[in-house]
Amino acid sequence: MTEHVPPVTQTSDGTGPRRQADDADVIVVGAGPAGSTTAYYLAQAGLDVLMLEKSTFPREKVCGDGLTPRGVRALVAMGISVSEQDGWVRNKGLRVIGAGKRLELPWPELSSYPGYGLVRPRTDLDQMLARRAEKAGARLLEGVTVTGPVRHDRTGRIAGVAAKQADGERTYRARVIVAADGNSSRLSVAMGLRKRDDRPLGVAVRTYYQSPRHDDDYLESWLDLWDGDRLLPGYGWIFGMGDGTSNVGLGLLNTSAAFRNTDYHALLRTWLAGMPAEWGFTEENRTQPIRGAALPMGFNRTPHYYQGLLLAGDAGGMVNPFNGEGIAYAMESGEILARTIAQALARARRTETERVLAGYPRALAEAYGGYYSVGRVFVKAIGRPELMRFATKHAMSRPALMRFALKLLANLTDPGGDASDRLVNGLSKLAPNPK
Ligand SMILES: Cc1cc2nc3c(=O)[nH]c(=O)nc-3n(C[C@H](O)[C@H](O)[C@H](O)COP(=O)(O)OP(=O)(O)OC[C@H]3O[C@@H](n4cnc5c(N)ncnc54)[C@H](O)[C@@H]3O)c2cc1C
């Protein structure tokens, strides 16, 4: 949609100071972890923020519900209490199962990250983050579906969004718009920003089972899945929810030959049929439907800033290609984004504002670019089953190597740090930033 946007004193091209007709300084589309974190930090910086969310809380989100120490750090930074009394289930590390072996790898001891992870259903987590943003001063409208951008008629720059809500259709306007509307990011697509085929993408399914394994104090990751002695494609997880159920799921990457021609629901059932009966992963114990969704990885939508629109979280394809973790990256990108916008909107001249906003992709590339480039090589390599089998067999009998692998795969190092931290950090620095 394009429409005439009322001009202001200094500018008529959609940038510059707040227009009288604006509904907020910043509009954030989507109130998942990326949107709520962005809104929280913007509100803290004193900006008037409007969040538009199509569903109403509490709402479901297909996820493994697991947080590594990276996710914990992001929650703590927002002042969220992560104590067990407040309903959080803690884990000590990652149990890896592969090549017929099992290894328990505690989360590394670091100054930058806590030594534990968490599990929490997304129905709770996302509502909690949205309420936190509201408490900081952001305004949240639920049940508002954004249907497209409102673009300035001369420059094409985004000046607002069109939305559908219970009382009909209307538009909302602001100087800066954030797309935090998840993997499909209709808003980005409508601005011409599509997913990139040269970047990794995962698809995963998950469900919940009543299980005695519900209070597991390790996140469990399966590097190979078996149907008797037949190797199945994909990787699996079992995360204890601490409420009588386990979140069980599996995923495949687009570098796998089986990516497009797999019945993911059947694959999950086949894998679970081989599990010990006492774990209870049977149809009678299943408490939810099997649901699936995509994991957009390694910056698979770019540029992250375009014509007044900034992308956070899954909308910008920020999932870690090494381990499928997306919550921490959604939150971290939201924070980087909010700090950029706060600085940009404090500049008096529109060219300066624009220069600061254009720095957001650079800040993201600095934070993750090299690491994601290494991740892309990793994803290509594990798309080859024979290579993956060799690597799993080799690594699973070397605990020290697996401890290093955990740091690399979960992106958990200290700057400086020990030799393995320096190796991971060095690899990420040496790798070229993705274009
Ligand atoms: C099966 C599966 C398992 C996963 N497991 C994990 C895990 O264990 N740990 C982990 O860290 N990550 C995991 N991930 C990844 C994680 O779920 C995502 O990376 C994360 O949710 C990204 O957050 P986000 O805020 O960017 O997007 P989302 O969480 O998708 O939030 C987007 C929000 O935008 C709203 N929205 C969308 N369109 C519109 C619109 N037009 N108008 C208004 N609102 C709109 C949606 O309703 C939603 O609330 C998993 C993903 C999958 C698919």
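Predicted model: local features only at pLDDT ≥ 70, side-chain atom pairs only at ≥ 80, totals over all residues.
Close-up 1. To describe a pair of aromatic rings, you give the distance of the centres and the angle of the planes. Tyr329 is buried, with a relative accessible area of 0%. Tyr368 is buried too, at 1% relative accessibility.

**Close-up 2. Two arginines sit over aromatic rings.** Arg90 lies over the face of Tyr116, 3.8 Å from the ring centre. In the other example, look for Trp279: the charged end of Arg213 is placed over its ring, 4.3 Å from the centre.

**Close-up 3. Strands β10 and β11 form a hairpin.** Follow β10 through residues 145-152, then pick up β11 at residues 158-165. The two strands run antiparallel and are joined by six bridges. For a handy landmark, find Gly148, which stands opposite Ala162 in β11. Five residues lie between the strands, and Gly156 in that turn has a positive phi of about 80°. As for cover, β10 is mostly tucked away, with six of its eight residues buried. When you trace side chains here, keep in mind that in a regular strand they alternate between the two faces of the sheet.

**Close-up 4. Pro415 is an exposed loop residue.** You'll find Pro415 in the loop between α10 (399-410) and α11 (419-430). Its relative accessible area is 70%; anything over 50% counts as exposed, so Pro415 qualifies. Setting aside neighbours within four places in sequence, Pro415 is in contact with Ser112 and Asn425. For a sense of scale, take Arg230, which is 185 residues from Pro415 along the chain. The C-alpha atoms of these two residues are separated by 43 Å.

Key: Residues numbered from 1 in each chain as written. Heavy atoms only, no water. Buried < 20%, exposed > 50% of the residue type's maximum accessible area, 1.4 Å probe, protein only. Helix = DSSP H or I, 4+ residues; strand = E, 2+ residues; numbered from the N terminus. Pairing = 2+ DSSP bridges. Contact = heavy atoms within 4.5 Å. Lys NZ or Arg CZ within 6 Å of the ring centre and 35° of its normal.
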